[in-house]
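Subject: Structure for your review

Dear colleague,

Please find below the structure that I am handing over to you. I would be grateful if you would read the notes that follow with the structure open beside them.

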Amino acid sequence: MVLRDLICDAAVAGLALPHSPYWYGVSVGGLLATGAHGSSLWGKGSAVHEYVVGMRIVTPAPVSQGFAVVREPGADHPDLDAAKVSLGVLGVVSQVTLQLQPIFKRSVTFLARDDSDLAAQVALWGDLHEFGDMTWLSRLGKVIYREDNRVDVSSPSDGLNGYLGFRSFPTLGLIIARVAEEHVEESNDMARCLAAGENLLRSSCPWDPRNRSLFFYNTGFNVELSKAPALVADMQRLRDLNPRALCSLDAKMGVLIRYVGASSAYLGKTEDSVNFDFTYYRSYTQGRPWLCASMASSRKYGAVPQWGKNRNFAFDGAIAKYAKSDEFLKVKERYDPDRVFSSEWSDHVLGIDGSPNIVQKGCAIEGLCICSHDSHCAPEQGYYCRPGKVYAEARVCSFRPTSRRDHNDEI
Ligand SMILES: Cc1cc2nc3c(=O)[nH]c(=O)nc-3n(C[C@H](O)[C@H](O)[C@H](O)COP(=O)(O)OP(=O)(O)OC[C@H]3O[C@@H](n4cnc5c(N)ncnc54)[C@H](O)[C@@H]3O)c2cc1C
């Protein structure tokens with residue numbers, strides 16, 4: 001079932017799922033398996049799995065057991081803490097029971113402020129508004145604070161939220177925008193990225209055979225609420241060292257900062273935490289660096305990767321940060337002893353066998369490893385493996401300019 005259908009069917013019954021990911025095109029099985037969330041620290045927080053009170057999970061079985069085992073852990077069953085966020089390795093989730101709430105509307109106001117007190121605000125904003133979030137436009141030095149609160153369903157409005165990033169646009173326009181973006185990336189001048197798009201759009205030929213549409217990475221990670229101010233301060237220092245470094249993030253609607261409550265789910269957030277969501281340019285050419293500042297600082301603060309939004313290197317060692325991962329693996333062994341729902345990849349991510357890192361030429365550029373050698377970056381294009389500028393223990397692909405026109409950047 002797709003989230004949109006759940007929301008619509010619930011509304012017909014006068015009910016609402018209080019929190020959800022920001023796009024309703026995902027499936028309920030998929031969003032639960034990856035611990036998807038909206039933004040809130042109030043009540044049970046913003047992770048959808050916190051509203052799960054029962055599940056039905058099907059796994060294959062021998063003919064003597066009727067070919068299938070159907071388990072239905074309820075609200076008080078400890079297996080539910082494994083099943084809520086399962087990465088899909090326990091079996092097929094065929095039914096989910098959610099605790100819904102009486103339907104309501106949300107009143108949303110966006111406030112644009114400078115980012116001088118962002119590090120302090122990140123610790124506070126989640127307590128002030130039930131669905132509050134922030135969008136940090138680092139290059140512009142601005143933060144869009146979202147004041148978002150529950151109001152009575154009778155409040156006047158159409159109740160629609162047409163978030164710009166998830167609207168559909170004419171395909172041709174998207175293809176042209178991509179051409180403009182690639183031009184800016186290749187000219188190595190992200191400082192002009194926001195202004196350049198419009199000019200290039202005017203002069204771009206729609207029939208140009210080079211046209212391809214948008215292509216980007218989306219990475220999310222979480223840090224404990226208490227550590228978020230220091231992380232933000234580090235990212236601001238990185239931005240201040242090289243104001244252009246984070247520019248391409250602004251062009252992709254900024255760094256989205258959201259709140260997620262602590263959970264009893266074995267692979268959920270162990271503490272109230274802050275989620276940082278980055279969307280950034282990805283080249284169609286393998287091994288071609290993209291211009292984006294490092295997210296390496298997050299490791300310093302014990303960040304955990306968002307299960308549904310990351311590259312290989314982020315998952316390396318991540319499972320060790322989940323205190324109850326052993327409990328999860330025990331449930332997995334019981335539910336799926338024949339490992340029908342496991343793969344090489346899930347074994348890597350769960351720390352059962354091997355590492356998700358793939359160490360090879362250019363691997364750090366592709367997010368497949370953390371560099372330990374220049375060849376893991378793209379030395380032929382000026383990117384070398386160097387200590388991080390703010391977090392010196394990190395190793396990042398760092399651009400070494402060959403001319404005055406080029407600028408420093410880190411990946
Ligand atoms: C446009 C967009 C916006 C997003 N916004 C947010 C957001 O705001 N917040 C957020 O947290 N995440 C967000 N995400 C991430 C998203 O929630 C996850 O990637 C989610 O897993 C996608 O669901 P899917 O239906 O595509 O799952 P899939 O990619 O199909 O599956 C994901 C995992 O779930 C497992 N799975 C799927 N169905 C079942 C089932 N029935 N039983 C058992 N396992 C199953 C699969 O095996 C796989 O491991 C967004 C993603 C997109 C594309």
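The link between cysteine 377 and cysteine 397 is left-handed, with -85° about the S-S bond. Its two sulfur atoms are 2.1 Å apart. Cysteine 377 is found in the loop between α12 and β13, while cysteine 397 belongs to strand β14 (residues 395–399), so this pair ties together parts that lie 20 residues apart in sequence. Cysteine 377 and cysteine 397 are both buried. Please keep in mind that the model is predicted.

A disulfide is a covalent bond that connects the sulfur atoms of two cysteines. How many disulfides does a search of the whole structure find? The search finds three.

Another of them is formed by cysteine 371 and cysteine 385, whose sulfur atoms are 2.2 Å apart. The torsion about this S-S bond is about 80°, so the disulfide of cysteine 371 and cysteine 385 is right-handed. Cysteine 371 sits in the loop between α12 (344–349) and β13 (383–387), and cysteine 385 in strand β13 itself; the pair therefore ties together parts that are 14 residues apart in sequence.

Cysteine 363 and cysteine 369 are both buried. If the bonded cysteines of the protein chain are numbered in sequence order, the pairing reads 1-2, 3-5, 4-6.

I turn now to the ligand. It is surrounded by 22 residues, and the closest are Tyr22, Ser27, His37, Arg258 and Gln306. This shell divides into 11 nonpolar, nine polar and two charged residues. Helix α2 (28–33) and strand β4 (92–98) each supply at least two residues of the shell, and the largest share, four residues, comes from α2.

An oxygen atom of the ligand lies 2.7 Å from an N or O atom in the side chain of arginine 258. Polar backbone atoms also take part: one of glycine 30 is 2.9 Å from a ligand oxygen atom, and one of leucine 87 is 3.2 Å from a ligand oxygen atom. Taken alone, the ligand exposes 960 Å², of which the protein buries 65%.

Yours sincerely

How values were computed
Residues are numbered from 1 along each chain as its sequence is written. This is a predicted model: local features need pLDDT of at least 70, side-chain atom pairs count only at pLDDT 80 or more; totals for chains, interfaces and linings use all residues. Side-chain values use heavy atoms; hydrogens and water are left out. A residue is near a molecule or strand if one of its heavy atoms lies within 4 Å of it. A polar contact is a pair of N or O atoms within 3.5 Å; within protein, one must be able to donate a hydrogen and the other to accept it, and residues adjacent in sequence count only if both atoms are side-chain atoms. Accessible areas come from the Shrake-Rupley method with a 1.4 Å probe; for residues, only the protein chains shown count as cover. Ala, Val, Leu, Ile, Met, Phe, Trp, Tyr, Cys and Pro count as nonpolar, Asp, Glu, Lys and Arg as charged, and the others, Gly among them, as polar. A disulfide is a pair of cysteine sulfur atoms within 2.5 Å. Buried means under 20% relative accessible area, exposed over 50%, partly exposed in between (1.4 Å probe, protein chains only).
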